Amino acid sequence: MAAQINPDKWYSGVDLEEVLRYAGVKDAALCGEDVKQSAVRAVNESGEAAAPKQISRECLCSVNGDSCDIDGMLIVSRDLAAHLRGCDRVLLFAATLGSGVDLLIARYSAVKMSYAVMLQAAAAALVERYCDEANALLEARYAAEGCWLKPRYSPGYGDFSLTHQQALLARLNAYKYTGITVSGGGQMTPMKSVSAVIGVTRERQPGSTGSCASGKCARCPNISCAFRRV
Amino acid sequence: MSNKKPITAYLGQEMLFFDGGMGTMLQSAGLQAGELPELLNLTNPALITSVHKQYYDAGCHVVTTNTFGANRDKMEAAGHSVEEIVTAAVSCAKAAREQCATSQPKYIAMDIGPIGRLIEPMGDLSFEEAYSIFREMAVCGEQAGADLVIIETMGATYEVKAAVLAAKENTSLPVFVTCTFDERGKLFTGGDVAAVVALLEGLRVDAFGMNCGLGPDELYPVIKQMSEISSLPLLFNPNAGLPKQKDGVTYYDVAPEAFARSMQRAAALGLCVMGGCCGTTPDHIREMIRLCRGMTPAKPADKGITMISSYTHTVTIGREPLIVGERINPTGKKRFKEALKNDEISYILGEGIAQQDAGAQILDVNVGMPGIDEPAMLEKTVKKLQSVIDLPLQIDTSNVQAMERALRCYNGKPLINSVSGKEESMRAVFPLVQKYGGTVVGLALDDSGIPTTAAGRVAIAKKIIDTAAEYGIAKKDIVIDGLTLTVSAEPDSANVTLETLRRVKQELGVCTTLGVSNISFGLPKREVINAVFYTAALTAGLDCGIINPKSEGMMNAYYSYRALCGYDEACGDYIARYSAPADEPAAPKAAASGMSLKSAIIAGMGDEAARIVRELLSGENPPAPMTLIQDELIPALNEVGDGFEKGTVFLPQLLMSAEAAKAAFEVLKEMLAGDGSDEKLGRVILATVKDDIHDIGKNIVKVLLENYRFDVLDLGRDVPPEVILENVRKYDIKAVGLSALMTTTVVRMAETIELLRKEAPDVKIFVGGAVLTEDYAMQIGADAYCRDAMASVRYCKKIFGC
């Protein structure tokens, strides 16, 4: 009997095809059952190693030309400004799967890279899923006051510089609530972590919130990316 | 007014009270999000002093300086020195002490919070750099007049260790430590309560406990658990409940009266020191003191539990038999020696992981052999092992310098193998145990050798235990090795060893260990006699058997003994191991029989590929290894590689085949070391560029290049350009592969190429990474853009002309 993704866990809804795609399997029909089983195992194992945590905080925001003032943080970014146009409030958001997943990936990177690749892919799908669920709760809360949430917009998207990572996380006190830290080079650790700005608007948003893959991809400069979905 | 007695004199004598939140008070005084609270020590000292004074007025014994984040990283960015900020902060606390008229003894704790970056391997900060950041804070605190150090809100055991060593080695202040646990009772980095207790007891801090994270009720089960195993005074500084948000402002909802009642309940568990963290105010603290002042603190008592730990969990010795994996040791292992000589750390990690998978609970680590820099190698091996394996380690060396380096960098409380009854050995080893913590293996031998009688060995064991006590090392932290001698040379040796085991347990009441396999040196079918001796030793009271967990016979003995002697409830583990699971495919061997080596590799079946090679080489007419490589291995790899490039084979499959080929190569290496089949095509450096900690792409390329017989020098991640250049020169390298994931780190790639072009113009550079494009690679001066791992292989084959 083939293994299944654990049914009663928060990560049970992860899309296996997406995991396979992240692992470089462009056509799931062309790979054997062993590869699919390895993806299932990777979802379960990284799900169990994860200790997901998230934090969000609402703050005021004003957009002026290409610059956004978010809670006193001045961000010059044409793309972020365009994204937040019409929002007078935003949510700062951060989430992580925790360092257990990093260690799991490191362990297999030392002895079985084929599986490390699968774990990496599973963890990427998991953190996305976790963020989507956290955002759905926020969305419901804002719906009660007649507001919609824009998709998550993260430092590193478009011209929203990664150099804002540290300040964004500091405003969330993200270390205290989630354990997310920023390395000397500006990258988040644990590695499966997300930080984002989410605009609050009174205009109805097309589709669901979450990471809004098509919108995100459309603006991304990396047009040769294997995961591009436009 | 200063105090006559140090704060440690009151620990366990009367309840001591810490202050409550500082940040909470500053926010209500107008501190804005993103502002550094530590700067207020300079810009508004009156405000800070008034907060401290309110806490002293509420009856606190200890106020905590406003220096939580006053580390070099944060302060220098704000244009101030650590000394300047810390001195000002302590002055504020001193001023409050002067102004307060209440009669309780008053102390000032130098507050040290986490740096905000993780230490390697989880993050990019080195252990020594973290140590140096903490040292500066602790030393400045002492110079400015603080009475103790409080290291708080820690979420990683490694960071705690760096901070404690920094404070203890560079100041004479008492050291208190609190960590932050979540609702699962775990640190952010995964450590559980027992792991923190073992580490901090080993480091011999003055008091420890927990702070922040949650409120007193949510943390009650966690502090309760801590009180059940801890032998040191406990400290509890929770938040005023859980954080809530209103209008973008975080607040805490437990009122002073409720907080005080919850703290009173927790105090009854046996706390010595209490206070508050986020959301607690002078009102919370005043109310808590009113309710708890008269309570008697617990007199800390040694719980007598023998615990060792990794960064995630502890292993308790003495409750049930434990397996110490013996395989990380070069003695008598040709392949392991070769791996040590060639610095093949991945081979050693593989041995470690295989032993964990086979059931080892502790791993012995010994890398001593002639011609090797043992201190450097042991430190490196320990660091690498603890970055991929969460088992506690047994540091095994007779080189004292190597032992100290390993103990210093170990993230937890290790087993230390070993000390003996020789005066010189005890003088060298016990101070290290006392300083770094650990449970030490005591060998029952001394200057006159190994006694031939059990009585003689027990006497030495007693001497070891008594001498350890003089160093403050409790009996619980000694494990006696009664010594296994080869039975073929000494007919009575097994009997003496077993009697020693029994008597050490009964007469001395300490835990025991043995290197079991020594019994059979020189005998055929060693596994047979080893397993029987192991069973006998378990029956005689062996706690830690140092064995090969990959040996079927030994594991049979282990599982049977556990089932027979009441260590395996309802024989659950025995049944799980020995009843073939119904949903597993039956015997993979049979299913795959008749397969060629080539097809096993293409199918990505590593065990099968290894088995076929072993079978072929031990058959009637064994093929030449080069023939196997040329006719089976290489064509298989080529076929899979071509499929990958055509898009019919995908990355996981490519890697599975690579691993199967590697497994086949390993067998060739083991069986025929040094016949020339191991020749490499050329040496290539791989590195993820500076500031980039994402190394999965680089690791994929490494696996493939190694498969094609390139000698890969993997410099790791976050590698500065100078380090790459240094290695290019040192090893006369022809080709360098660079990887970068982010747009920000692609810039570092350009800088690296620029340096190499200037200083080593002959070296070929190939690059790859998610955000790179061919155009950009050319623009920054690379020789080749490799879009995937196979492209890297092809490029390297081209430049090495093969």
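Predicted model: local features only at pLDDT ≥ 70, side-chain atom pairs only at ≥ 80, totals over all residues.

Residues are numbered from 1 along each chain as its sequence is written, chains are lettered from A and ligands numbered from 1 in the order in which they are written, and side-chain values use heavy atoms, with hydrogens and water left out.

Let me begin with chain A. It has eight helices and eight strands; helices (H or I, at least four residues) and strands (E, at least two) are DSSP runs, numbered from the N terminus. Of its 230 residues, 55% count as buried. Buried means under 20% relative accessible area, exposed over 50%, and partly exposed in between, with a 1.4 Å probe and protein chains only. The accessible surface of chain A is about 9500 Å², and carbon and sulfur atoms account for 52% of that surface. These areas come from the Shrake-Rupley method with a 1.4 Å probe; for residues, only the protein chains shown count as cover. Where contacts in chain A link residues at least 6 apart in sequence, 73% of them join residues at least 24 apart; contact means heavy atoms within 4.5 Å.

In what order do the six strands of the open sheet in chain A lie? The order is 3-2-1-4-8-5, with antiparallel pairing. Two strands pair if DSSP finds at least two bridges between them. Strand 3 (73-76) and strand 5 (148-149) of chain A each have a single partner strand, so one side of each is left without a neighbour in the sheet. Strand 3 of chain A pairs with strand 2 (residues 67-70) of chain A over four bridges, in the antiparallel sense. Within strand 3 of chain A, Ile75(A) stands opposite Cys68(A).

Two helices pack on this sheet. Helix 5 (residues 113-143) of chain A touches strand 1 (53-64), strand 4 (89-96), strand 5 and strand 8 (193-201) of chain A, and its direction makes about 150° with that of strand 4 of chain A. Helix 6 (residues 165-172) of chain A touches strands 1, 2, 3, 4 and 8 of chain A, at about 95° to the direction of strand 4 of chain A. For these angles, axes are lines fitted to C-alpha atoms, for helices over the stretch in contact, and angles run from 0 to 180 degrees between N-to-C directions.

One loop residue deserves a remark. Ala23(A) lies between helix 1 (16-22) and helix 2 (33-49) of chain A. Is Ala23(A) buried or exposed? Ala23(A) has a relative accessible area of 1% and is therefore buried. Leaving aside neighbours within four places in sequence, Ala23(A) is in contact with Val117(A), Met118(A), Ala121(A), Leu651(B) and Pro652(B).

I turn to chain B. Five of the seven residues of strand 13 (residues 322-328) of chain B are buried. Strand 13 of chain B pairs in the parallel sense with strand 20 (residues 544-547) of chain B over four bridges, and Leu322(B) has Cys544(B) as its bridge partner there. Strand 13 of chain B also runs parallel to strand 14 (residues 362-365) of chain B, joined by three bridges.

A further open sheet in chain B has five strands in the order 22-21-23-24-25, with parallel pairing. At its edges are strand 22 (711-714) and strand 25 (784-785) of chain B, each pairing on one side only. Helix 29 (residues 743-759) of chain B lies across strand 23 and strand 24 (764-768) of chain B, at about 175° to strand 24 of chain B.

Lastly, the rings. The structure holds 17 aromatic pairs over all chains. Rings of Phe, Tyr and Trp (its six-membered ring) pair if their centres lie within 6.5 Å; planes under 30 degrees apart count as stacked, over 60 as edge-to-face and the rest as tilted. Tyr108(A) and Tyr115(A) form an edge-to-face pair, 4.8 Å centre to centre with 85° between the planes, and both residues are buried. Tyr175(A) and Phe188(B) form another edge-to-face pair, at 5.8 Å and 70°. This pair crosses between chains, from helix 7 (residues 174-178) of chain A to the loop between strand 5 (175-179) and helix 8 (193-202) of chain B. In chain B, the charged end of Arg709(B) sits over the ring of Phe665(B), 3.7 Å from its centre. A charge sits over a ring if NZ of Lys or CZ of Arg is within 6 Å of the ring centre and within 35 degrees of the ring normal.
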